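Please read the following note with the sequence and the structure open beside it. The points are numbered, and each treats one topic.

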Amino acid sequence: MMTLWVALAGSVGAVARFVLDGMIRSRRATEFPWGTVIINVTGSLLLGFVVGLVVFRGAPSEVQTIIGVGFCGGYTTFSTASVETVRLIQRRRYLAGVTNALATLVVTVAAGAVGLGLAGL
């Protein structure tokens with residue numbers, strides 16, 4: 001039954017990512033992958049919050065599995081961020097590529113920490 005819940009949550013996460021990325025791309029005509037950055041940051045924030053609920057608030061670990069592994073796994077897309085970084089560099093947009101890679105790393109880790117901290121309040 002847990003596998004079914006994770007699959008369902010992953011599907012919802014993937015659809016949420018698709019819709020949000022489309023909305024961002026339709027409003028911002030730029031080569032920089034803002035949609036992917038925003039998706040990964042918000043997904044990391046949510047994952048940190050969910051882990052914090054389990055660690056600090058005693059929420060059932062199934063919540064972490066369903067939302068963390070399922071929804072956040074389907075929602076976030078670090079593989080796309082990697083491909084977009086390589087594509088920026090291939091187009092000789094070196095500063096944008098390096099900024100995308102470093103900002104994704106730093107900001108997503110910070111967002112996860114913020115989510116963890118919010119759950120602990």
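1. Is Arg 91 buried, partly exposed or exposed? Arg 91 is partly exposed, because its relative accessible area is 45%. Here buried means under 20% relative accessible area, exposed means over 50%, and partly exposed lies in between (1.4 Å probe, protein chains only).

2. Some conventions come next. This is a predicted model, in which local features need pLDDT of at least 70 and side-chain atom pairs count only at pLDDT 80 or more, while totals for chains, interfaces and linings use all residues. Residues are numbered from 1 along each chain as its sequence is written, and side-chain values use heavy atoms, with hydrogens and water left out. Helices (H or I, at least four residues) and strands (E, at least two) are DSSP runs, numbered from the N terminus.

3. The structure holds 4 salt bridges; a salt bridge is a side-chain nitrogen of Lys or Arg within 4 Å of a carboxyl oxygen of Asp or Glu. One of them joins Arg 91 to Glu 31, with the closest N and O atoms 2.4 Å apart. This pair links distant parts of the chain, 60 residues apart: Arg 91 lies in the loop between α4 and α5 (94-120), and Glu 31 in the loop between α1 and α2. Glu 31 is partly exposed, at 41% relative accessibility.

4. Arg 25 takes part in a salt bridge with Asp 21, where the closest N and O atoms are 2.7 Å apart. Arg 25 and Asp 21 are separated by about one helical turn because they stand 4 residues apart in helix α1. Asp 21 counts as buried, since its relative accessibility is 16%.

5. Arg 25 also forms a salt bridge with Glu 84, the closest N and O atoms being 3.3 Å apart. Here the link is between distant parts of the chain, for Arg 25 is in helix α1 and Glu 84 is in helix α4, 59 residues apart. Glu 84 has a relative accessible area of 12% and is therefore buried.

6. The UniProt record (an unreviewed entry) places the feature "binding site" at Gly 73 and Thr 76. UniProt positions are given in the numbering used here, feature names are shortened, and annotations may be inferred rather than shown by experiment. Gly 73 belongs to helix α3 (residues 61-75) and is partly exposed, with a relative accessible area of 47%.

7. Thr 76, in contrast to a helix position, sits in the loop between α3 and α4 (78-90). Thr 76 is buried, because its relative accessibility is 15%. Its side chain reaches the backbone oxygen of Cys 72 at 2.7 Å. Residues up to four places away in sequence aside, Thr 76 touches Arg 17, Ile 39, Asn 40, Gly 43 and Ser 44, where contact means heavy atoms within 4.5 Å.

8. Asn 40 is located in helix α2 (residues 34-57). With 0% relative accessibility, Asn 40 counts as buried. Beyond its neighbours within four places in sequence, Asn 40 has contacts that include Thr 76, Phe 78, Ala 81 and Thr 108.

9. Which exposure class does Leu 4 fall into? Leu 4, in helix α1 (residues 2-27), is exposed, because its relative accessibility is 55%.

Key: A polar contact is a pair of N or O atoms within 3.5 Å; within protein, one must be able to donate a hydrogen and the other to accept it, and residues adjacent in sequence count only if both atoms are side-chain atoms.
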